[in-house]
Amino acid sequence: MSPNPPQANLTVCKRSVNKNIVLTLVLCTLAGLADNLWSGTVFVAYLKLLNRSSNAAVGYVEGVQGVSGLLTALPIGWLADVYKRSAVISWGGVLLVAAAAAHTSILFYVGDEVPDDDDKVNTAEYLFLGVMALWGLANGVVNGPVQALYADSTPEGSRTTYYLYLFVCYMLSSCVGPLISIVLFVHWGDDWELLALKNVMVVGMGLELGAAGVMFFFDDDWALKERGEEEDDNASPDDSDDGGKKANDGGGKGEADELLGVDGQERSSSGQERSSSGKVPSEPAAVERRRKWIPYILFCSDLTVSLGSGMTVKFFPVFFKDDCNMSPVNVQVIYLIVPIFMVLASGFASSLSKTAGRIQTILLCKGVGLGLLFSIVFKVDYLKSAPLALVPLYVARTALMNSTYPLQESVLMDFVPKEQRARWKSLESVSQFGWCGSAVLGGILADDYDYTFTFLITAVVQSAGTLLLVLLLPLVPRSEEKLCEERKTESLSRRSASRSDLEEPLLAGEEGGRLTGVV
């Protein structure tokens with residue numbers, strides 16, 4: 001038997017250990033570790049000390065990061081879809097280095113104590129506004145092109161599993177980040193002092209440089225072909241010269257385009273004609289047309305939930321600090337525990353989704369999480385003095401609300417065409433804008449009222465966003481494997497129908513020629 005050709009060996013290697021998958025997992029681990037070390041509790045507390053206990057100042061800085069992500073999300077996604085994703089990711093690494101260097105410079109400009117000079121404080125705040133805009137741009141690359149290339153490199157029918165791996169890496173870094181900060185606070189002092197907060201952030205900036213280095217090694221050539229692209233290549237070698245993008249009457253478009261309803265009216269009408277001749281479509285044409293709305297519904301739900309989250313997520317640490325009188329180490333211990341339960345809840349949700357369905361599981365987890373948040377709101381006076389009751393409620397609520405990330409990402413990528421994934425992933429920056437933009441409102445409300453009032457608004461807004469997912473129940477199949485089989489069957493049917501449509505006119509032309517010759 002002759003040995004496998006090099007191309008076959010490369011394909012096997014791609015499917016077993018994909019370079020882009022490994023790099024994405026490493027990048028997300030390093031970036032998540034750095035972010036959890038400096039951008040959460042530590043940076044919020046730093047800004048509040050610098051601005052003399054102003055929550056609004058915290059909200060403004062977060063809002064600028066969101067605006068930056070909003071303005072650059074679609075251009076970055078468009079560049080990654082039109083050109084090589086890996087090239088855009090490399091430029092994102094340059095931006096990450098620039099942001100880390102600028103942020104570190106501002107920290108040393110401010111110094112080790114809160115300046116007495118108000119002009120210096122105001123200057124530092126403006127500089128932080130500028131550097132957060134740079135962070136928003138750099139994070140847009142990580143959340144857009146990197147995630148799109150990761151989706152391109154994962155096999156169909158198994159994306160929930162691969163997004164679970166990604167989620168575990170995020171959660172692992174979310175555990176290690178607070179753990180490192182606990183060690184650093186013990187070393188530099190377990191007090192909310194500017195010097196200790198500054199030193200912790202400088203360590204985080206160093207880890208950001210490691211994440212930036214990984215971004216220079218991605219490669220578009222390691223992306224896997226979609227099922228439709230592989231079948232087109234196998235059907236006709238001539239059609240594969242342009243990378244599987246050449247369209248003809250019988251193929252060239254991926255199954256995701258079919259399920260999303262691209263050219264759905266024409267195919268739907270054709271399907272009706274075939275059904276009248278005795279061929280039964282694989283699924284109702286109406287459902288097929290409606291499935292194009294799945295990414296839009298997911299986006300609207302995510303944006304609404306993000307609007308609610310922004311008003312509280314950045315302020316829970318200062319709520320623990322100010323209202324519950326917790327020390328830096330105590331607060332960081334909470335954020336060390338949360339990711340562990342997120343991983344456990346996410347594994348439970350992924351397992352449950354195999355029998356209950358992905359959308360059904362998402363609704364269940366988010367519903368229970370929202371119930372726990374309402375419990376915190378209505379019992380806050382008692383819980384402030386009972387941390388042993390407050391902390392478990394907060395941990396369970398946060399774990400359940402965030403455990404559905406792998407399921408939501410797998411649904412999105414199953415119903416978005418490959419050539420549009422970077423743009424859809426970049427739209428997450430728009431959700432981030434809603435998250436950061438509402439942080440401005442949350443800071444103002446926290447100053448004018450209290451943290452509990454913002455928690456209540458968050459619970460109401462997130463409930464509205466979760467209810468939008470009910471629209472997906474009739475559109476997304478319960479079984480991920482069933483969806484993959486539906487696409488395979490649909491693709492085979494289209495190829496067969498294409499050959500039939502091609503042969504019938506040729507036969508008719510021959511018969512017509514004979515008739516014309518007789519006349």
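A residue is called buried when its relative accessible area is under 20%, exposed when that value is over 50%, and partly exposed in between, using a 1.4 Å probe and protein chains only. By this rule aspartate 152, at 2% relative accessibility, counts as buried.

A word on the ground rules. This is a predicted model, in which local features need pLDDT of at least 70 and side-chain atom pairs count only at pLDDT 80 or more, while totals for chains, interfaces and linings use all residues. Residues are numbered from 1 along each chain as its sequence is written, and side-chain values use heavy atoms, with hydrogens and water left out.

Let us start with the whole chain. Its secondary structure comes to 23 helices and 0 strands; here helices (H or I, at least four residues) and strands (E, at least two) are DSSP runs, numbered from the N terminus. Of the 519 residues, 52% count as buried. The chain exposes about 22,800 Å², and carbon and sulfur atoms supply 63% of that, with areas taken from the Shrake-Rupley method with a 1.4 Å probe, where for residues only the protein chains shown count as cover.

Helix H13 covers residues 294–310, 17 residues in total, and reaches 24 Å from its first C-alpha to its last, close to the 24 Å expected at 1.5 Å a residue. That expected span is 1.5 Å times one less than the number of residues. Several of the residues in H13 are buried, among them Ile294, Ile297, Leu298 and Ser301.

Next, look at what holds charged residues together. Side chains of opposite charge can pair when their charged atoms come close. A salt bridge is a side-chain nitrogen of Lys or Arg within 4 Å of a carboxyl oxygen of Asp or Glu, and by this rule the count comes to 10. In one of them, aspartate 322 pairs with lysine 48, with the closest N and O atoms 2.5 Å apart. Aspartate 322 lies in helix H14 (residues 316–322) and lysine 48 in helix H3 (residues 41–50), so the pair ties together parts that are 274 residues apart in sequence. Aspartate 322 is partly exposed, at 28%, whereas lysine 48 is buried, at 8%. Lys321 joins them, as Lys48, Lys321 and Asp322 are linked in a network of salt bridges.

Our opening residue, aspartate 152, has a partner too: arginine 85 forms a salt bridge with aspartate 152, the closest N and O atoms being 2.7 Å apart. Arginine 85 sits in helix H5 (residues 85–110) and aspartate 152 in helix H6 (residues 118–152), so this pair ties together parts 67 residues apart in sequence. Arginine 85 is buried, with a relative accessible area of 6%. Another salt bridge joins arginine 358 and aspartate 414, at 3.0 Å from N to O. Arginine 358 is in helix H16 (residues 358–378) and aspartate 414 in helix H19 (residues 405–414), 56 residues apart. Both arginine 358 and aspartate 414 are buried.

Now for two residues with a relative accessibility of 0%. Threonine 24, in helix H2 (residues 19–38), is buried at that value. Leaving aside residues up to four places away in sequence, threonine 24 touches Val146, Tyr150, Leu166 and Phe218. Lysine 425, in helix H20 (residues 421–426), is likewise buried at 0%. Lysine 425 and glutamine 147 are 278 residues apart in sequence, yet 6.7 Å apart in space, C-alpha to C-alpha.

What about the cysteines? A disulfide is a pair of cysteine sulfur atoms within 2.5 Å, and the count here comes to 0. The sulfur of cysteine 28 is 7.3 Å from the closest cysteine sulfur, in cysteine 169, which is too far for a bond. Cysteine 28 is buried, at 1%, and cysteine 365 is buried as well, at 4%.

Finally, turn to the surface. Trp78, Leu79, Val82 and Tyr83 form a nonpolar patch there, with about 410 Å² of accessible area together. Patches are made of residues with over 30% relative accessible area and no salt bridge, like charges being joined within 9 Å and nonpolar side chains (Val, Leu, Ile, Met, Phe, Trp, Tyr) within 5 Å. Leucine 79 lies in helix H4 (residues 55–82) and, at 35%, counts as partly exposed.

Notes: Contact = heavy atoms within 4.5 Å.
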